[in-house]
Amino acid sequence: MSLRQRLLLLVLSITALIMILITVLALDSATRGFATQTNRALIARSQSAAYALDGYIASVSATTQALAAVLNGRDHPPIHAIWHPASQVLTDPETPIARIVVARPFRDDRQIVSFRRPDASVRVAPLANVITPARPAPVNRLATATTDTVMWFGPQPGYRARAQQAVMAAAIRFVGADQQPTGLVWAEVPVESLTTVVEAAVNLDPIWRTATLLILDADDNVITTAGTTRTASQDITAAVTAAQLDETVIVAANPFDLGSPAYATRSAIPGTGWQLVSLIPTRIIEEPLTQSNMEIVLLMIAGLCVLGWVVSGFANRTLTAPLGVLTQAAQEIGAGAMRFQISHIDRQDEIGELARALEDMKRSQSDTYERLAQARRTLEYRVTVRTAELHKAQRQAQDHAADLLAVYEISLSLVNEYFLQTILQRLTEHVPSLLDAPYCAIWLRMQDEEWLKLVATTTLASTHLGREISVNDGIAGAAIRAAKPIVVDDYTDWTNRLDWTPLKLKRALCVPLLHSGKAIGAIVAGREEHAPVFNDNDRRLLALLANLASPVVRNAQLFDQLDDAVQRAEQANQVKTRFLASVTHELRTPLNLIINNLDFMRIGLFGPVTDDQRTRLDQAIRSSENLLYLINDLLDVSKIEAGEMQLFIQPTELQPIVVDALDSGIALMTDDHAVAIQLDLPEEPLPQIPVDARRLRQVLINLLSNAIKFTKQGEIWLQVRVRDDVVEFIVTDTGIGIPEEDLETIFRAFERSKRAKQLGIEGTGLGLAISRHLVEAHGGKIRVETTVGAGSRFSFVIPRRIHAARDETATMVPVAPPANTSAD
């Protein structure tokens, strides 16, 4: 065993004995203090939960008293008096009350009016009014009561509640106009909400998440339990019996089946005479103390480890490490390493004496090695000079190859790019590094070819972007006119220089961008005064890069011109859409006023009307309504093109929509129509599917209107077919039919078939476009089959999806504009 190991063992043994004694004393004191703190904490948390529950119950009692006050002194039925305050209470999201019930004598029976909590979107509480001889439990309990205060009953099932959920009822009597008891009102609170209040009050403390809490009535009957319950009923009963009011006792009945007893405490709930019993396993409560004891033991062990580390480090620094360093020094000196520095020479102990002796031995051998090293350095110098010459030649070849590779990589980064500004920016980023020049600028010829524009430059000169000069000015103009590179060694004294050029440029190189033999611009590179002049290699590199980049730059210019033309066309289309939407909105208001006034005149509201006048008013109203339909179609088209069309999707019965569309189609027929319209529906009732009812009716009316318009005599069928996943609507006529060459255009906005134009049949060409867009927005597809002279068959399908039958289910679906505005 070494000296360091023996010293370490002695120090650790003594320290361990002292720390064990101190730890035992500290643990004993901590255990006694923990027991006192635990009792106080359990009582405080239990009382906090009881007060929280008391406040919750008090709010229900206050509400019940307020409702009774509303009914006091009234002889008329309670519905009119209490419906509004009951709705206010039940629609309050913070109220715990689920149902309010009012009972009063009615003839020989009893009138019972109940209000339940409505859905979130409804602001009036639904009510049920029952005349029955039955006497609900609160009525029986209050029949013999001698006080008019609030009394609590339960747990019991809710009155006429569909769900089997236990509730607690807070009931109070109210008096009539003669101040005699007339009836009673009670509010039902789900027992589950009492459990939630108690759990919320204690769950802030992680220990209480393992507790079981029991709410007892005044007779110690269990109303409900909260928290974690894993016990048999007899164990819970024993624990409840042992619990004391505002005291903590240990129940040995082991109610949690965890192999240990439990802490039990009982707290009063003042407002009702109820009590709250809390049970927590002792092992859960004492777990922190056990963990704390383990931490102390681990800390003691860690302290011993740290102490051992300190002692070991001290011995290592003062004894073991110095000896190891001196041993290594002796080995290095013996191997001829005279530059090795010997440490610990300044120490005034045995280690220092040994170090100084080694230093003397190193100096004596150093002189011998120095003479040998001198001869070796002379030989190495000669070899180094020759090697440097070879490396220089190799670097020159590598630099030339690297320059060519850099030009190649730059051209690759440009060749697949179409955006002009990105190409120019990349050039200004790569040229400075390629030529070791801090300044780079790119000039391009403007459309008149007499002016140049600075379109890209390095960051230091970015403030001059967009400046324009004549093609006769600057080094860029000179290179463009000469169509060849220009090198200026002293730019400050050059005759045609630009005064606003950034930096203090001394050297300049400019290469034209040539495309098809014509200069379209120029690249300028510049260096400062102390930088070398541009040589032939720099000129060749920049000229090579310019030749590779000029076709890319020209293509990008053409691409930008094409993009500008497309954007102008799109802007014009948007202006058209906005104008159409604005005009249709402005026309609808006065037109509605005209229609209303004409209708008032027709029915004689403004005075007597003759039959001839009524006939002419009918014609005016029909014409105005046709104009309104046209305006509505124009507004729909503008919404579709602007992407503002929305569908209101909700489960809808199809039968009323189909019948209403058929009636509207029949109303469009005139006396000269010798047409029979037939409706073909399946034997089974039509299903309820999710659609926008108004838009579906619009599609059917558009198809029926077209069929009537193009069928002067014959038959028209409206058929509905229900399949597994879709519902199909079919409109068939025996009209003039549609030529095959018009089938691709009839679904475009403002497009009509040539045959319809030839026959003089009126129309705007909007109905089918709008119909197709609405059908596709529902996820369906519209089709047409036609034969010229025999008629047409238009059909479309709407997906059929199953939804729960809830009237309030509805969804706003935004409709995207068509990819091609002429498609609809």
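Buried here means under 20% relative accessible area. The model shown in these views is predicted.

**View A. Phe747 and Phe794 pair edge-to-face.** Both Phe747 and Phe794 are buried. Their ring centres are 6.5 Å apart, with 70° between the planes. Phe747 lies in the loop between strand 22 (726–733) and helix 14 (754–758), and Phe794 lies in strand 24 (residues 791–799), so the pair ties together parts that are 47 residues apart in sequence.

View B. Trp152 belongs to strand 4 (residues 151–157) and Trp274 to strand 11 (residues 274–281), so their contact ties together parts that are 122 residues apart in sequence. Trp152 has a relative accessible area of 16% and is buried. Trp274 is buried too, at 5%.

**View C. Helix 8 covers residues 420–435.** At 1.5 Å a residue, its 16 residues should span 22 Å; the end C-alpha atoms are 23 Å apart, which agrees. Buried residues of helix 8 include Leu420, Ile423, Leu424, Leu427, Thr428, Val431, Pro432, Leu434 and Leu435. Seen down the axis of helix 8, the buried residues fall within an arc of 160°, so they line one face of the helix. Asp436 follows helix 8 and has a positive phi, near 55°.

**View D. Arg527 sits over the ring of Phe534.** The charged end of Arg527 is 4.1 Å from the centre of the Phe534 ring.

Terms used. Residues are numbered from 1 along each chain as its sequence is written. This is a predicted model: local features need pLDDT of at least 70, side-chain atom pairs count only at pLDDT 80 or more; totals for chains, interfaces and linings use all residues. Side-chain values use heavy atoms; hydrogens and water are left out. Helices (H or I, at least four residues) and strands (E, at least two) are DSSP runs, numbered from the N terminus. The expected span of a helix is 1.5 Å times one less than its number of residues. Buried means under 20% relative accessible area, exposed over 50%, partly exposed in between (1.4 Å probe, protein chains only). The arc is that of the directions from the helix axis to the C-beta atoms. Rings of Phe, Tyr and Trp (its six-membered ring) pair if their centres lie within 6.5 Å; planes under 30 degrees apart count as stacked, over 60 as edge-to-face and the rest as tilted. A charge sits over a ring if NZ of Lys or CZ of Arg is within 6 Å of the ring centre and within 35 degrees of the ring normal.
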